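Please follow the chain from a loop to the sheet, and from there to the packing around it, with the sequence and the model side by side.

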Amino acid sequence: MEPFVRSAALSGYTDLCRALDISSEALLARAGLEPDSLADQDRWIPASAVARLLEISAEASGRSAFALEMSGLRRPSTLGPISLVIREEPDLRSAIEVLLRHQSLYNEALNCALSEEGGLATIIVNLRLAETVRARQAVELTVGVYHRILRDSLGSGWGPLTVCFTHPAPRDQEDHRSMFGCRVEFDRAFNGIVLYTDDLDTLNPDADPQLLAYARHYLDMVTDQPTQTPMEERVRALIEALLPAGRCSIEQVARSLHVDSRTLHRQLAASGESFASLLDTTRVQLAKRLVAHRDRSLAQVAGLLGFSSPSAFSRWFRERFGSSARDWRIRAMRQADEPLEPAAVAPRNHIPDS
């Protein structure tokens with residue numbers, strides 16, 4: 001199913017286009033979006049169209065860091081009702097966890113996660129988009145927004161340890177280094193921000209416990225008290241997000257869900273699943289998408305799927321798919337090259353269940 005995103009994700013887009021002397025109306029039309037799509041920030045539009053818009057806008061402007069510039073124009077209010085809650089959370093860790101727990105309230109394509117290990121914390125950014133859609137700019141926008149949230153909480157003098165991207169480095173990296181104020185690494189196994197775990201314990205001096213209770217109650221009302229996502233679905237999403245970072249253990253997933261490993265085992269067993277079975281089925285789904293992507297080497301795909309070596313990945317792939325990954329990719333590329341009529345997706349105007 002096509003994921004949707006609130007049009008607030010494009011906050012600052014028209015202003016940036018105007019500053020760069022490019023036509024936002026023409027670019028919106030090329031991406032399949034109506035100019036009035038941005039008039040109401042609570043309007044839901046296809047995430048793939050947003051990703052396409054950012055890519056063609058970067059090309060039209062000649063700015064490889066187009067989306068990063070956009071992220072600097074964002075305000076907390078663009079997140080919608082959830083911004084009222086994170087403003088009153090007692091510390092940065094709580095605010096980030098709220099954003100991750102309710103990410104589908106503002107962007108259905110997001111599948112981000114927080115990983116902590118050895119005194120380091122990593123906010124891992126993962127987007128669920130159609131495999132044919134380029135997402136470099138969309139990924140950089142998301143990482144830029146998280147960076148903005150961290151810096152607003154920790155002060156302008158703060159900087160992360162590292163910012164990582166899976167895509168290749170642009171010809172000029174100065175805008176990226178200036179934006180993040182730290183080492184920026186490209187062609188990495190995951191997209192995200194690495195910082196010290198202690199940074200997450202920074203207290204929010206403006207938090208008001210009473211206002212927080214009201215804000216959480218309001219969030220429940222405007223989202224119509226959404227039903228709890230089944231545990232197996234939450235585990236699948238975390239596996240997909242954590243695999244590329246090489247931190248996909250049951251202990252890490254359990255920590256992200258605020259339960260211990262034994263409790264997670266028990267809850268999955270009650271639904272007829274296990275961590276191993278969910279890991280395998282998630283790998284199968286990701287492998288189909290990643291192997292079909294001709295821009296990644298099979299060695300890179302092995303790393304993104306959490307395998308210790310390309311040979312281990314090759315054995316696993318042949319067992320699951322009955323052919324080598326190379327042969328499977330060739331067939332997939334031939335099918336992708338066949339002309340297809342794109343399906344039209346109409347915008348919608350509702351807040352989805354989380």
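Asp21 is found in the loop between helix H1 (13-19) and helix H2 (24-30), where helices (H or I, at least four residues) and strands (E, at least two) are DSSP runs numbered from the N terminus. This is a predicted model, in which local features need pLDDT of at least 70 and side-chain atom pairs count only at pLDDT 80 or more, while totals for chains, interfaces and linings use all residues. Residues are numbered from 1 along each chain as its sequence is written, and side-chain values use heavy atoms, with hydrogens and water left out.

Phi of Asp21 is near 60°, a positive value in a residue other than glycine. Most residues other than glycine have a negative phi. Asp21 counts as exposed because its relative accessibility is 70%; buried means under 20% relative accessible area, exposed over 50% and partly exposed in between, with a 1.4 Å probe and protein chains only. A positive phi near 60° is also found at Asp187, which lies in the loop between E6 and E7 and is partly exposed, with a relative accessible area of 47%.

The strands E6 and E7 belong to an open sheet of 5 strands in the order E3-E4-E7-E5-E6, with mixed pairing; two strands pair if DSSP finds at least two bridges between them. Strand E3 (113-117) and strand E6 (183-185) stand at the edges, each with a single partner strand, so one side of each is left without a neighbour in the sheet. Neighbouring strands of this sheet are turned by 20° against each other on average, direction ignored. The axes behind such values are lines fitted to C-alpha atoms, for helices over the stretch in contact, and angles run from 0 to 180 degrees between N-to-C directions.

E4 is mostly covered, as 5 of its 6 residues are buried. On to the next pair, E4 and E7 are antiparallel over 6 bridges, and Ile123 stands opposite Ile193 in E7.

Helix H10 (residues 231-242) lies across E3 and E4, running at about 65° to E3.

What lies behind this packing in terms of side chains? In soluble globular proteins, nonpolar side chains tend to be buried together. The largest nonpolar core has 68 residues, and those with the most contacts inside it are Tyr13, Phe66, Ile96, Leu99 and Tyr146; such a core is a set of buried Ala, Val, Leu, Ile, Met, Phe, Trp, Tyr and Cys residues joined through side-chain atoms within 4.5 Å. H7 gives the most to this core, with 9 residues. Neighbours within four places in sequence aside, Tyr13 is in contact with residues including Leu28, Leu53, Phe66 and Met70. A second, separate core of 43 residues includes Cys164, Ala245, Leu290 and Leu298.

Asp199, a charged residue, lies in the loop between strand E7 (191-196) and helix H9 (209-222); in this count Lys and Arg are positive and Asp and Glu negative, while His and the chain ends are not counted. Asp199 is buried yet has no salt bridge, and the nearest side chain of opposite charge, Arg93, is 9.8 Å away; a salt bridge would call for a side-chain nitrogen of Lys or Arg within 4 Å of a carboxyl oxygen of Asp or Glu. Neighbours within four places in sequence aside, Asp199 is in contact with Leu92, Leu154 and Trp158.

Finally, Ala332 has its place in helix H16 (residues 325-336) and counts as buried, at 16% relative accessibility. The C-alpha atoms of Ala332 and His293, 39 residues apart along the chain, are separated by 8.8 Å.

Notes:
Contact means heavy atoms within 4.5 Å.
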